[in-house]
Amino acid sequence: MGRQRVGIAAFIWLVGLTGAAGGAQAQENNCVTCHSALGGRLAAPVEAFQRDIHAEKGFGCVACHGGDASIAGMGGMARELGFVGRPRGRQVLDVCGRCHSDADFMRRYNPSLRVDQVTEYATSVHGRRLLELGDTAVATCLSCHPAHNVRPPSDPLSSVHPVNVAATCAACHGDADHMKPYGIPTDQREKYERSVHWAALSEQGDLSAPTCNDCHGNHGATPPGISWVGNVCGQCHSVMADYYEESRHATTFTMLGVPGCATCHQNHEVTRPADDMLGLDEGAVCARCHAPGDRGGETALAMRSMIDSLQAAYHAADSLLGAAENHGMEVSQALFELGGANDALVTARAAVHSFDREIVGAEVTDGLEVAVRAFARGEDAMNELRFRRTGLAVSVVIILALIAGLLLKIREVDYRATVTET
Ligand code: HEC
Ligand code: HEC
Ligand code: HEC
Ligand code: HEC
Ligand code: HEC
Ligand code: HEC
Ligand code: HEC
Ligand code: HEC
Ligand code: HEC
């Protein structure tokens with residue numbers, strides 16, 4: 001260690017000298033010149049910073065670190081020149097907030113960029129623990145936007161691009177040692193990566209599917225307009241949320257202190273629902289709280305059987321029309337209309353969230369009518385097909401008879417010809 005320090009000191013002295021000698025170079029960024037020559041931890045920022053959004057916008061090292069880049073020696077890093085060195089803890093907020101909380105300054109670069117990151121952060125669990133308790137194990141700006149490698153969220157290489165957010169948060173939240181003092185689960189990423197949301201985001205590239213920050217907020221405790229993170233699902237699934245809000249469960253679940261949507265769907269591991277979630281069979285969510293005797297249980301069974309019957313009617317009509325189509329019958333209009341029964345199935349599944357059998361029943365009835373009509377059209381087509389087939393059989397017989405007659409006629413002509421020849 002000692003030898004290395006002497007080495008660095010000698011090197012600085014040298015750079016200081018040459019810097020002072022070359023006047024033109026004094027106008028250059030001496031922070032970069034000296035640091036890139038230092039190697040290791042002290043040079044790494046120079047290399048990384050080249051692709052940082054702040055470098056792209058023309059900022060240099062002093063924008064965050066202060067000091068004077070025109071001074072070639074160690075003097076450029078004098079505290080009197082505003083040099084902050086390596087910002088730590090709450091100091092980071094001052095460094096980043098100097099620009100990002102200054103609306104007038106930021107407007108010159110990008111008028112649509114928000115300028116509330118620091119104030120929002122201060123209201124989050126992370127910010128409150130840092131500012132009120134001095135807890136430095138929480139996330140600061142740098143945990144989510146690594147210094148010298150800051151990129152806009154739209155950049156696929158950014159730590160805060162939607163596809164990368166789960167890994168960024170899990171650096172702490174998936175680290176059992178780091179989270180040990182807090183006694184909270186560390187399985188959020190694991191579970192989230194088994195969810196329908198992650199599949200939509202990572203496989204279909206559907207950027208409207210949520211990742212950690214869409215539910216928990218980027219900087220604040222919860223996204224704007226949401227009083228509690230448990231209510232966040234309704235931001236995107238508004239039809240289900242509207243039904244749910246009007247339902248008996250909305251009031252009783254709040255009273256019981258159980259979450260809303262997450263009670264039946266989970267928060268991190270939201271999987272694709274199926275009809276067997278409904279009812280009282282093993283694995284059905286309703287069976288967790290209701291029994292066959294109570295009204296909730298009865299309603300669960302009734303809603304399930306209504307949905308099952310619509311589903312069955314839809315499939316029957318669909319396969320009959322499909323068969324007719326395969327035989328060349330024109331049933332495209334009937335198939336198109338049958339789509340209405342499938343739509344009804346979708347709305348009925350959404351209406352389950354009213355937990356009211358009348359509402360589900362109304363949707364199912366509409367769908368059943370459509371399915372029954374379509375089935376009748378399928379039967380008509382099949383009857384028509386049968387009729388055509390009998391028609392065909394009759395004409396084949398007639399044609400065969402004609403051919404036979406013709407053959408006889410030809411023979412007769414041939415016979416006459418040979419007779420007259422001889
Ligand atoms: C002449 C060489 C030289 C110049 C010019 C120079 N530095 Fe340094 N800088 C160093 C050395 C050497 C260290 C390590 C000092 C130490 O570990 O005590 C260092 C440390 C730092 C650190 C880390 C401080 C910490 O607390 O760990 C930062 C940040 C930094 N420099 C930024 C800058 C900026 C910004 C400029 C330009 C205004 C600049 N440096 C100019 C040589 C230089
Ligand atoms: C957008 C603000 C910003 C800019 C611009 C910036 N830095 Fe930094 N730098 C930081 C922050 C914040 C840290 C503390 C990082 C941490 O603790 O993880 C830091 C840390 C450092 C360190 C200490 C690294 C270590 O591992 O101890 C050095 C050295 C450094 N910066 C040099 C530079 C140089 C040289 C430039 C210009 C090429 C530069 N920085 C530009 C924000 C910035
Ligand atoms: C000297 C002023 C300044 C400082 C200090 C500063 N920034 Fe920036 N930052 C900017 C400007 C200007 C932009 C470019 C905005 C644009 O054009 O979209 C930017 C862009 C960003 C972006 C990308 C935003 C986007 O969507 O385009 C992030 C993220 C960011 N900064 C985070 C930080 C963090 C974290 C710190 C502290 C380590 C910091 N900034 C320090 C001025 C600054
Ligand atoms: C817990 C992680 C986390 C922390 C802490 C954090 N950010 Fe962010 N930040 C994000 C995410 C995620 C996004 C991307 C938002 C999006 O997709 O639009 C973001 C976006 C940004 C943007 C782009 C504009 C915007 O608001 O969407 C800026 C600028 C920014 N952050 C600055 C900061 C500053 C300054 C701090 C410190 C006060 C900070 N961030 C702290 C996660 C964080
Ligand atoms: C630097 C490590 C670190 C990073 C990165 C980080 N967090 Fe945290 N987070 C913590 C710590 C430590 C706590 C405090 C735990 C507590 O109080 O229970 C916390 C608390 C939380 C809480 C409150 C938990 C509770 O107790 O109810 C939420 C929610 C949260 N973080 C979400 C996120 C999200 C989302 C991200 C990524 C965008 C993220 N965090 C990134 C360290 C981190
Ligand atoms: C679809 C929305 C959603 C997504 C995506 C999401 N969360 Fe959550 N998260 C919640 C809800 C809801 C809670 C329960 C909050 C409560 O009970 O107050 C929660 C709770 C938490 C907690 C508190 C401890 C716990 O496990 O109960 C942490 C920490 C957390 N989430 C971190 C994350 C991280 C990290 C990610 C990304 C890997 C993430 N969340 C993704 C909705 C979400
Ligand atoms: C930011 C918007 C957003 C938020 C917040 C959100 N979701 Fe989603 N959700 C989506 C998208 C997008 C899909 C993918 C649709 C698909 O692939 O069928 C989806 C899919 C689903 C599915 C599967 C739907 C199906 O038809 O199979 C369920 C169930 C679901 N989300 C429940 C929830 C719950 C519960 C929450 C809250 C804990 C929540 N969502 C929060 C956007 C969101
Ligand atoms: C009491 C349990 C329960 C609660 C609470 C609940 N759901 Fe559901 N949810 C279900 C059941 C059961 C299904 C499956 C219905 C079916 O497929 O027959 C379902 C299906 C869904 C679907 C897929 C619908 C489709 O088209 O297949 C989404 C999306 C959804 N729920 C979102 C939510 C949201 C958002 C909330 C909160 C506002 C919520 N759920 C609350 C039980 C619940
Ligand atoms: C977390 C436990 C829980 C789950 C899971 C649950 N319920 Fe309930 N449900 C309740 C409670 C508590 C009540 C209120 C009972 C009361 O007020 O008498 C209730 C009430 C109802 C009611 C109103 C009954 C009445 O008296 O008018 C219906 C209908 C209902 N639930 C249907 C369902 C269906 C369908 C499911 C599955 C999709 C389901 N519930 C899942 C706890 C639950």
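Partly exposed, in what follows, means a relative accessible area between the 20% under which a residue is buried and the 50% over which it is exposed. Keep in mind that the model is predicted.

**Exercise 1.** Work out which residues coordinate the iron atom of ligand 5, and what arrangement the six donor atoms make.

*Solution.* 
- Start with the protein donors: NE2 of His126 and NE2 of His173 coordinate this iron, at 2.0 Å.
- His126 lies in helix H9 (residues 125-133) and His173 in helix H11 (residues 162-173), so the pair ties together parts that are 47 residues apart in sequence.
- Now the angles. Six donors pass as octahedral if opposite ones are over 155 degrees apart and all others between 65 and 115. Around the iron of ligand 5 the six donor atoms subtend 87 to 178 degrees, which makes the arrangement octahedral.
- For reference, the ideal values for six octahedral donors are 90 or 180 degrees.

**Exercise 2.** Classify histidine 173 and histidine 126 as buried, partly exposed or exposed.

*Solution.* 
- Histidine 173 has 25% relative accessibility, so it counts as partly exposed.
- Histidine 126 comes out at 31%, so partly exposed again.

**Exercise 3.** Now do the iron atom of ligand 3: find its histidines, its geometry and how accessible those histidines are.

*Solution.* 
- His54 and His100 each coordinate through NE2, at 1.9 to 2.0 Å.
- His54 sits in helix H4 (residues 53-56) and His100 in helix H6 (residues 91-100), so parts 46 residues apart in sequence get tied together.

How values were computed: Residues are numbered from 1 along each chain as its sequence is written. Chains are lettered from A and ligands numbered from 1 in the order in which they are written. This is a predicted model: local features need pLDDT of at least 70, side-chain atom pairs count only at pLDDT 80 or more; totals for chains, interfaces and linings use all residues. Side-chain values use heavy atoms; hydrogens and water are left out. Donors are N, O and S atoms within 2.8 Å of the metal (3.2 Å for Na, K and Ca); water is not among the atoms, so sites may look incomplete. Four donors count as tetrahedral if all angles lie between 85 and 135 degrees; four count as square planar and six as octahedral if opposite donors are over 155 degrees apart and all others between 65 and 115; anything else is irregular. Helices (H or I, at least four residues) and strands (E, at least two) are DSSP runs, numbered from the N terminus. Buried means under 20% relative accessible area, exposed over 50%, partly exposed in between (1.4 Å probe, protein chains only).
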